[in-house]
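Hi everyone, thanks for having me today. I'd like to walk you through one protein, slowly and in plain words. Please have a look at the screen.

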Amino acid sequence: MDLEVLITQLETPLKATIHALKSFHGTSILNAAPALENFPKELLIYSKIFCVNEHEASIMSGANVVVITLGESGAVYGQKDSEEFIHIPVSRKVEKVVDTTGAGDAFIGSLAYFLVKYPNSSLTNLIGAACEVASHSVQKPGTQSSFPSAKDLNLDDIAKKTYKFHLL
């Protein structure tokens with residue numbers, strides 16, 4: 001059976017988003033953008049993965065797995081029943097950043113892709129792979145036009161790498 005992934009965010013009506021999360025039985029990702037100071041806790045309860053940037057994280061918290069994107073510093077994640085946080089730095093420094101708009105979307109989209117395609121891989125490696133895809137996206141202007149294609153990257157190679165990480 002294939003793994004199904006639902007990506008939600010906070011630009012749609014919250015009632016509809018909560019309903020979608022409640023009724024979905026696969027892996028759900030809540031991309032908490034734009035950040036809301038007061039939001040229904042149900043969003044966190046029904047999300048398997050909660051993904052935010054530093055600013056959004058300072059406003060919101062909670063969920064089973066929390067992923068915080070850190071731009072050029074990679075990402076950090078923690079799981080609900082663990083006191084450890086794991087930092088995954090970017091695998092290579094980007095020499096020339098052109099436009100960071102859409103990097104979070106590139107990260108979320110590739111993380112969802114990697115979760116579906118490599119369900120037995122560690123979350124650490126999948127987040128590392130998503131960081132690598134996002135690193136490629138900042139080297140071109142725009143949002144969707146900056147996203148690397150399968151022709152630009154060998155996604156299988158990226159997903160099968162072993163990414164360095166540090167326990168925090």
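I'll begin with the overall picture, then turn to one phenylalanine, and finish with some charged pairs.

A word on the ground rules: this is a predicted model, where local features need pLDDT of at least 70 and side-chain atom pairs count only at pLDDT 80 or more, while totals for chains, interfaces and linings use all residues. Residues are numbered from 1 along each chain as its sequence is written, and side-chain values use heavy atoms, leaving out hydrogens and water.

So, what is the protein built from? Its secondary structure comes to 6 helices and 7 strands. Helices (H or I, at least four residues) and strands (E, at least two) are DSSP runs, numbered from the N terminus. Along the principal axes, the C-alpha atoms fill a box of roughly 40 × 35 × 30 Å.

How much of the protein is buried? Buried residues make up 42% of the 168. Here buried means under 20% relative accessible area, exposed means over 50%, and partly exposed is in between, with a 1.4 Å probe and protein chains only. Then there are contacts, meaning heavy atoms within 4.5 Å. Of the contacts with a separation of 6 or more, 47% are between residues 24 or more positions apart.

Now for our phenylalanine, F147. You'll find F147 in the loop between α5 (123–137) and α6 (155–160). With a relative accessible area of 27%, F147 is partly exposed. Leaving aside neighbours within four places in sequence, F147 is in contact with G102, D105, A106, S137 and D152. F147 is also 40 residues from F107 in sequence, and their C-alpha atoms are 9.6 Å apart in space.

On to the charged pairs. Side chains of opposite charge can pair when their charged atoms come close. The rule for a salt bridge is a side-chain nitrogen of Lys or Arg within 4 Å of a carboxyl oxygen of Asp or Glu. How many salt bridges does that rule give? The count comes to 4, and I'll show you some of them.

One joins K22 and E42, at 3.3 Å from N to O. This pair links distant parts of the chain, with K22 in helix α1 (residues 14–23) and E42 in helix α2 (residues 42–45), 20 residues apart. K22 is partly exposed at 42% relative accessibility, and E42 is partly exposed at 30%.

Another joins D156 and K117, at 3.5 Å from N to O. D156 sits in helix α6 and K117 in helix α4 (residues 103–117), 39 residues apart. D156 is partly exposed at 31%, and K117 is partly exposed at 41%.

There is also a salt bridge between K161 and E132, whose closest N and O atoms are 3.0 Å apart. K161 is in the loop between α6 and β7 (166–167), while E132 is in helix α5, 29 residues apart.
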